[in-house]
Every structure is written in C-alpha cells, then in structure tokens.
Amino acid sequence: MSRTHELIQADRGQDAIAIHLVNTASFDEFSKTLSAGQRSSLKAQKFNGGGYQVAIVPDGDSWFAVGGVADPADLSSWCLAKLADVLPEGTYRLKSGDPGPAMHGWITAQYIFDRYTKDENATGPRVLLSKQAKHIDAATAEANAVNLVCDMVNTPAEDMGPAAIEAEAERIAKDYKAEIRVTKGDALETDYPMIHAVGRAAARHHAPRLIQMEWGDEKAPRVAIVGKGVTFDSGGLDVKSAAGMKLMKKDMGGAAHALALAELIMNAGLNVRLHVLVPAVENAIAGNAFRPGDVLNSRKGLTVEIGNTDAEGRLILGDALTRASEDNPELLIDFATLTGAARVALGPDLPALMTRRDETAAELIEAGKAHDDEPWRLPLPEAYAEWLSSEIADVNNAHGNAYAGASVAGLFLDKFVGEGIEWAHFDTFAWRPFAKPGRPKGGAAYGLRAAFHMLRQRYG
C-alpha cells in the first residue's frame with residue numbers, strides 16, 4: 001500500500017516529459033516563449049500561474065506540463081504534489097532546476113490505501129527524475145515513513161489491533177536487526193498495571209501488551225520514543241457517542257508515528273541507542289473493564305484515581321514513560337492522539353507540542369518549519385497541576401473541567417517522566433479531515449518529520 005521505491009529516479013538523460021514551473025509574476029514572460037496555439041491551450045485551461053494549477057500543453061507530436069507554484073526557485077514539500085496527483089502515467093523532468101524538497105510531496109501525492117478495494121482504472125506511477133541522486137533514498141524513506149503512518153491509521157481496528165502493531169514492530173526489527181521484546185499476560189499485569197487495566201476488557205486476540213525495541217550502539221546517546229497504541233477507543237464505561245467513536249481506529253496514531261520514526265532513525269543510521277516503547281491496547285467495554293472511581297497502581301508507584309475511563313491514553317503512556325525513564329535517556333519523545341482539546345485549540349494541521357525545556361521546543365519547531373511539518377507549542381503550567389489532585393489517590397486522570405485540556409494531560413504525563421530528563425510530548429491528530437496536495441484525506445503524520453530532522457541535526 002504505502003512503501004514505494006521508484007517514484008523518484010536518478011536523471012541519467014532518459015526520455016521524460018518536461019514540466020515548466022511558473023508563478024503569476026513570471027507567467028506573462030513564459031507565455032511569450034509559446035506559440036499562439038499553446039497560449040490558447042493555457043487560456044482554455046484557465047491557467048495563469050496560480051498555486052497548484054496544472055496544465056497540459058501540446059508541443060508538436062508530444063506535450064509538456066506546466067505547474068503553478070509560489071516560487072519556482074524555492075520549492076516546498078508540496079509544490080509538485082498536485083502535478084503528481086493529476087498528470088498521466090509517465091516519466092517527468094523539471095525543465096529548470098531540481099525538485100529538491102518537493103520530492104516528498106511527489107511521492108505522498110500518489111499514496112493510495114487499497115487494502116480492501118482496488119481501483120481498476122487507477123493511474124499508473126508518475127516518475128520524477130532528479131539530478132540529486134544522493135538525496136533520493138533519504139527522500140523516499142521519509143515519504144515511506146509518512147505513508148506507513150497513513151497505512152496503519154487507515155486500517156480498521158479489527159485488522160490493526162495490538163497483535164498487528166506488534167507484527168509491524170517485528171518487521172522493522174527484522175529489517176534493521178533490532179532487539180524486540182513484548183510483555184503481556186501476567187507479566188504485564190504485574191509490571192505495567194495501568195496498561196493491563198486499560199486493555200484487559202478486550203477480546204483475547206486483542207490482548208494488551210507493551211512492545212519494546214532497542215537498536216544501535218550501546219555506547220551512543222540514549223534516545224527513547226514512546227507511542228500511544230490504543231487500537232480502538234470506545235471510551236470504556238464512560239462510553240463515547242457514536243459520532244465520537246467513528247474515527248477511533250486512529251487512536252493508535254501515536255504508535256504509528258513512533259514506529260515510523262524508529263524506522264527513519266535506523267534507516268539513516270543515526271548515532272543513538274534507540275529505545276522504542278509502544279503500549280498497545282483496546283479500550284473496550286466488558287464486565288472486567290476498569291471503572292470510573294477505581295484506583296489503579298502504576299509502574300511508577302503512584303496511585304491513580306480514574307475520573308474518566310475515556311482518559312485512558314495517558315494511563316498507558318504513564319507506564320511506558322516510566323519504563324523509558326528507568327534507563328535515563330538523553331532525550332525522550334512521545335506521540336499520542338491524546339486530547340480533543342488540542343484540536344479545538346490548533347485544528348487538525350498543527351500538532352500540539354509540550355516540552356520541559358525551551359531549547360527542545362525551539363529545535364523541534366525550527367526543524368518542523370524547515371520541512372513543512374511545524375508543531376505549535378502549548379505550555380505545561382504548574383498552576384494547573386492542582387486540577388489533577390485526588391482525595392483518595394496520588395493523582396486523578398481527569399481534571400473535571402473544560403479548561404486547558406491538552407496542557408493538563410501533558411502535566412499528567414510529566415509526573416511519569418524521570419526527573420531531569422529532556423522530554424517532548426506531541427499531542428497529534430493523526431488524521432486529515434480534508435485533502436490537500438500531497439496530503440490525502442485520512443490517516444496522516446503530524447510532527448514526524450519535525451522530530452526526525454531535529455534528531456538528525458543532533459545525532460546525524
């Protein structure tokens with residue numbers, strides 16, 4: 001479905017259809033180089049150089065394409081995505097310049113989720129040539145990582161349960177010779193009581209587990225990546241509405257981000273000792289489901305009163321973050337589809353970012369801006385920590401008011417991250433409700449490229 005290796009190829013002078021890039025400022029000059037018939041063709045297609053406009057222009061017995069971009073000399077990830085989406089099958093070459101960053105959107109624009117149905121009339125591959133051959137593999141790997149997130153999130157919960165997430169982790173571990181271990185059953189209940197409690201009501205074939213991978217030189221700086229893997233969230237006994245449940249197959253989006261980022265790190269050979277942790281559960285409803293008002297033990301030793309069973313993601317992350325902290329990583333990053341409050345505040349396109357250190361946030365934001373994946377920082381205000389207080393336990397998992405939901409969830413997680421550890425938390429949506437060029441509707445990666453390029457800058 002997602003992993004593609006031939007949509008960008010090295011330019012060795014092979015036959016290819018030309019793509020001319022213009023903007024509204026350069027369109028008139030470009031038009032003067034064309035024949036009257038070619039100008040008429042552009043006019044008939046209402047092409048004037050505007051962003052994401054595409055036209056096909058006859059040229060004797062052949063034709064060329066024209067694409068509208070903001071600045072032909074400074075392409076973003078998405079500048080060629082519309083062309084890749086609508087042009088016919090074939091091989092293409094930019095008439096001037098090289099695609100550079102736009103290789104990313106050229107690949108992701110051709111993503112199709114076809115696990116359950118095939119379009120017999122689907123357009124064949126549109127291949128783009130690049131003279132920057134040394135950059136093709138890295139660009140392809142990055143686009144494939146984004147598409148992996150899309151594949152995993154788009155897959156319905158019955159086929160993307162905890163065992164399926166484990167299988168994907170095993171594939172990555174095998175490909176890169178990483179160590180993998182999975183904790184479930186009695187050992188999970190003993191060692192990771194909150195993960196077990198959240199997932200214990202699921203069917204046996206969706207039994208909860210903690211998946212861990214380690215890779216890299218043991219002497220290298222230790223980096224931990226944690227991803228929330230709630231494969232379906234009914235809300236538990238605080239059951240969601242039908243509308244609220246409709247997209248809950250995407251609640252394992254944090255796990256998808258973590259595995260995709262891990263594969264990118266391994267593929268790039270970054271100088272890190274990588275520790276990946278994915279708590280994978282289904283928050284189901286049954287006679288043995290955990291209840292509002294219950295008090296859970298945690299791996300950290302803190303007791304947690306359950307104010308709401310629909311605030312389950314922070315519980316499983318709490319145990320995973322505790323385990324990650326035990327090895328004292330130099331940097332700890334987690335991804336989670338954690339709160340609706342983050343979406344109310346920032347909408348679907350901007351992942352909420354919370355960090356302990358200003359410098360960490362600055363690095364991630366800078367990397368995100370440079371690679372068209374900008375996160376937006378939200379605070380971790382100590383003044384709101386009191387909203388997590390409990391009269392009968394060390395902490396409550398839900399604060400019971402409508403204020404600052406994303407930040408308060410972040411404050412809950414902060415309690416389970418080891419003291420002094422540099423930590424970044426992405427509250428990501430993992431879903432795109434409206435398609436944009438290079439970014440189809442459905443499962444989506446937000447914050448993935450920002451995190452990877454920040455890590456590459458540090459450890460590359």
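**Figure 1. Proline 379 sits in the loop between β16 and β17.** This close-up, like the others here, comes from a predicted model. Is proline 379 buried, exposed or partly exposed? With a relative accessibility of 49%, proline 379 counts as partly exposed, because the partly exposed class ends where exposed begins, over 50%. If we set aside residues up to four places away in sequence, proline 379 touches Met354 and Ser407. Glycine 347 is 32 residues from proline 379 along the chain, and their C-alpha atoms are separated by 17 Å.

**Figure 2. Alanine 393 is another residue to look for in the loop between β16 (376–377) and β17 (395–396).** Alanine 393 is buried, with a relative accessible area of 12%. Which residues does alanine 393 contact, leaving aside its neighbours within four places in sequence? They are Val295, Thr303, Val304 and Glu305.

**Figure 3. Histidine 206 lies in the loop between α8 (193–199) and β8 (209–215).** A relative accessible area of 6% makes histidine 206 buried, because buried means under 20%. Leaving aside its neighbours within four places in sequence, you can trace contacts from histidine 206 to Ala157, Glu158, Gly161, Pro162 and Glu282.

**Figure 4. Helices α6 and α10 pack with their axes 10 Å apart.** Two packed helices are described by the angle between their axes and the distance between the axes. Helix α6 covers residues 162–176 and helix α10 covers residues 253–268. What is the angle at which α6 and α10 pack? The angle is about 5 degrees, and α6 and α10 are therefore roughly parallel to each other. On the α6 side, look for Ile165, Glu168, Ala169, Arg171, Ile172 and Tyr176. In α10, the residues they meet are Ala255, Leu259, Glu263, Met266 and Asn267. Sorted by class, this contact has seven nonpolar, one polar and three charged residues.

**Figure 5. Asparagine 328 has a positive phi of about 50 degrees.** Most residues other than glycine have a negative phi. Asparagine 328 is not a glycine, yet its phi is positive. You will find asparagine 328 in the loop between α11 (313–325) and β14 (331–336). Is asparagine 328 buried or exposed? Asparagine 328 is exposed, with a relative accessible area of 56%.

**Figure 6. Alanine 430 has a positive phi of about 65 degrees.** Alanine 430 is not a glycine either. Alanine 430 belongs to the loop between β18 (422–427) and β19 (431–432). Here the relative accessible area is 0%, and alanine 430 is buried.

Figure 7. Along its principal axes, the C-alpha trace spans about 80 × 50 × 45 Å. How much of the protein chain is made up of buried residues? Buried residues make up 57% of the 460 residues. Among contacts with a separation of 6 or more, 77% come from residues 24 or more positions apart. The protein chain exposes about 19300 Å², and carbon and sulfur atoms supply 48% of that area.

Conventions. Residues are numbered from 1 along each chain as its sequence is written. This is a predicted model: local features need pLDDT of at least 70, side-chain atom pairs count only at pLDDT 80 or more; totals for chains, interfaces and linings use all residues. Side-chain values use heavy atoms; hydrogens and water are left out. Axes are lines fitted to C-alpha atoms, for helices over the stretch in contact, and angles run from 0 to 180 degrees between N-to-C directions. Helices (H or I, at least four residues) and strands (E, at least two) are DSSP runs, numbered from the N terminus. Angles under 35 degrees count as roughly parallel, over 145 as roughly antiparallel, 65 to 115 as roughly perpendicular and the rest as oblique. Contact means heavy atoms within 4.5 Å. Ala, Val, Leu, Ile, Met, Phe, Trp, Tyr, Cys and Pro count as nonpolar, Asp, Glu, Lys and Arg as charged, and the others, Gly among them, as polar. Buried means under 20% relative accessible area, exposed over 50%, partly exposed in between (1.4 Å probe, protein chains only). Accessible areas come from the Shrake-Rupley method with a 1.4 Å probe; for residues, only the protein chains shown count as cover.
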